[in-house]
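Biologist: I would like to understand how the parts of this protein are put together. Could you take me through the model one piece at a time?

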Amino acid sequence: MALKRNALGRGLDSLIPMDDVPAAGTSAINTVPLSQISPNPDQPRQTFAQEALDDLTRSITTYGVLQPISLRQVGPSSYQIIAGERRYRAALAAGLHEIPAYIRDANEQELTEMALIENIQREDLNPIEIALTYNKLIAQYHLTQEQLSERIGKSRAVIANALRMLRLHADVQLALSERRLTEGHARAILRLDDHQMQNKLFHRILAEDLSVRRAEELAKEMLEGVEISPKKPTLKREKNRLFDELKQNLSARFSAPVQLHCDANGKGRITFSFRDQEQLTRLIALFDKIPQE
């Protein structure tokens, strides 16, 4: 099947015939029992955000399923999801017994490609899920990166860069999949081939909330043999930390904003702010309860 490079921009229609197979009546949209549907085991997306799924469930409970899912028939009365697993899961959670669906013809390769494209269009996949799916399509169907590029409408460079993410240390991959790490940080870590060095830079990035630029600088230093160590807290930083804790404790104790001011000699002042006469009266009452020595 010859496909143009802009397949992704045109959506799933560019990968499969749009002639639906009616299951009942004359409508192209069929009503299919949920009990006859099974998820795609090769679904690229491995994680489903529970909060978003709960929101969708509430919406479906109120309004029903507004957008049909896409299925392929795998038996006389059995179907497999091509696109729309979130809607399928939410419909089950909402207690529905059937769901509107398009039934389409698709082979195993097209099924994986369509699931990948649908999730990418919705921006639902994390970088590791995308990389794993690219890798599976290439390995299972003996595709080159250029052929995969033609199939899904992504440039070869995009595919190559995505696949590089699989060279990351397992802990880094997990953080990237959980979006605790950005792709920019991941690319900085990828400059290091050794997994121990990757892990060291990774933990430094998280511990110090480093920018991508700083992560790139540290990766360069490590490649040049410069030993990097976590920054030791200076006296000033430790002092600021203690002041922040004290401000937070005082603000919580008196339910009012507190400011601390201290000079180089250790002299300073504590300032309480109040918004009205009532809050001032309450602050004075609290001060009166402080034991006097």
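Predicted model: local features only at pLDDT ≥ 70, side-chain atom pairs only at ≥ 80, totals over all residues.

Biologist: How is H5 oriented to H7, roughly parallel or roughly perpendicular?

Modeller: Two packed helices are described by the angle between their axes and the distance between the axes. Helix H5 covers residues 127-140 and helix H7 covers residues 156-164, and they pack with their axes 8 Å apart at an angle of about 110°. Angles of 65 to 115 degrees count as roughly perpendicular, and therefore H5 is, relative to H7, roughly perpendicular.

Biologist: What is the orientation of H8 and H10 to each other?

Modeller: In this pair, Asp 171, Val 172 and Ala 175 of H8 meet Gln 198, Asn 199 and Phe 202 of H10. The axes of H8 and H10 lie 9 Å apart, and the two helices pack at an angle of about 40°. The orientation of H8 and H10 to each other is therefore oblique.

Biologist: Which strands are at the edges of the sheet?

Modeller: Five strands form an open sheet with mixed pairing, and their order is S1-S5-S3-S4-S2. Within this sheet, S3 and S5 run parallel and are joined by three bridges. An edge strand pairs on one side only, and the strands in that position are S1 (30-33) and S2 (37-38).

Note on methods
Residues numbered from 1 in each chain as written. Heavy atoms only, no water. Axes fitted to C-alpha atoms, helices over the stretch in contact; angles between N-to-C directions. Helix = DSSP H or I, 4+ residues; strand = E, 2+ residues; numbered from the N terminus. Parallel < 35°, antiparallel > 145°, perpendicular 65-115°, else oblique. Contact = heavy atoms within 4.5 Å. Pairing = 2+ DSSP bridges.
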